[in-house]
Amino acid sequence: MRSTAPAPRVIAVVGPTAAGKSDLGVFLAQRLDGEVVNADSMQLYRGMDIGTAKLTDEERGGVPHRLLDIWDVTETASVAEYQRLARAEIDRLLAEGRTPVLVGGSGLYVRGAIDALEFPGTDPEVRARLEEELTVRGSGALHARLAAADPEAGRAILPSNGRRIVRALEVIEITGRPFTANLPGHDSVYDTVQIGVDVERPELDERIALRVDRMWEAGLVDEVRALEVQGLREGRTASRALGYQQVLSALAGECTETQAREETVRATKRFARRQDSWFRRDPRVHWLSGAVQDRAELPQRALALIERAVTA
């Protein structure tokens, strides 16, 4: 049964991995005559299903999910391109009088979709020099430089994410300002209600470990093996995805599958902390408990929060 209360222009469901965002997004889209717009950078890639925890067709409950499976694994992700695609979907839904429900934990992608965010251009010479340095020295050395130049960016970007480190250093060199200084204030281009799904760290860590176990049982290694044939190892963005990066290392003989699995758990826990820290800095996010004891009430609490925000 759909709610009779008017819906806000855009709803964003955010928070760390394994918190329960996807199921909540489906519920809200069902109740508010909407569609889900994906804001998980790795779910944009075709074939990356198990390791990104994409919902199955059955789990989507008949709700259309946009911006899933649109890029080959060899394509380098671009937040600016995602912004263009996401806003096209949001604008289409708004023109139809329906509710866009943005769902995902990629903080910069969420902001790119809903905020007044413009991305500095690129300089091919600077980019090529930094990428060469990345190849020669490795991501750790470049991350140390980034952390010294822009501590906030150093905290937000994983030391293993060479592509994003290069981009941040490129922006710093081009603009002469810290990478994070190029992010504007929290100014939305749409009327938006952001809901953060909050799970305490011990419980979230348990969920992450269980999720990784289930991914392995569901055939993540075989999924990565098949994607490797399609060029995953050469994909600058997709090859760095959590789980995929570790399995690729195991397939190359650099570690055992058990070690890859354990490292995936550790890396995902670190990533979840970074996600949480990112969204906590946004004062517009309304946090609701997604803990196991509150999970049954979460959908109705979110719906009530949205209706209060609209009628306030």
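Me: What volume does the second largest pocket have in this predicted model?
Reply: About 240 Å³. The model is predicted.

Me: What makes a residue part of the lining of this pocket?
Reply: A lining residue has an atom within 4 Å of a pocket point. For the second largest pocket, 20 residues line it. Arg111, Glu152, Leu183, Trp278 and Arg281 lie nearest its centre.

Me: Which helices supply the lining of the second largest pocket?
Reply: Helix H3 (107-114), helix H6 (151-156) and H11 each give at least two residues. H3 has the largest share, with five residues.

Me: How do the lining residues divide into nonpolar, polar and charged?
Reply: The lining holds 10 nonpolar, four polar and six charged residues. Arg and Glu count as charged, so Arg111, Glu152 and Arg281 are charged. Leu and Trp count as nonpolar, so Leu183 and Trp278 are nonpolar.

Me: Where does helix H11 lie?
Reply: H11 (residues 257-280) lies across strand S1 (10-14), strand S5 (192-198) and S6. H11 runs at about 130 degrees to S6.

Me: What is the strand order of the open sheet?
Reply: The six strands run S3-S2-S4-S1-S5-S6, with parallel pairing.

Me: Why are S3 and S6 called edge strands?
Reply: Strand S3 (65-66) and strand S6 (285-289) each pair on one side only.

Me: Why do S2 and S3 count as a pair?
Reply: Pairing needs at least two bridges. Two bridges join strand S2 (residues 34-38) to S3, so the two strands pair. They run parallel. Val36 stands opposite His65 in S3.

Key. Residues numbered from 1 in each chain as written. Predicted model: local features only at pLDDT ≥ 70, side-chain atom pairs only at ≥ 80, totals over all residues. Heavy atoms only, no water. Helix = DSSP H or I, 4+ residues; strand = E, 2+ residues; numbered from the N terminus. Contact = heavy atoms within 4.5 Å. Axes fitted to C-alpha atoms, helices over the stretch in contact; angles between N-to-C directions. 1 Å grid on protein atoms, 1.4 Å probe; cavity = no way out; pocket = protein on both sides within 12 Å on 5 of 7 lines; lining within 4 Å. Points joined across faces, edges and corners; volume = space filled by probe spheres on them.
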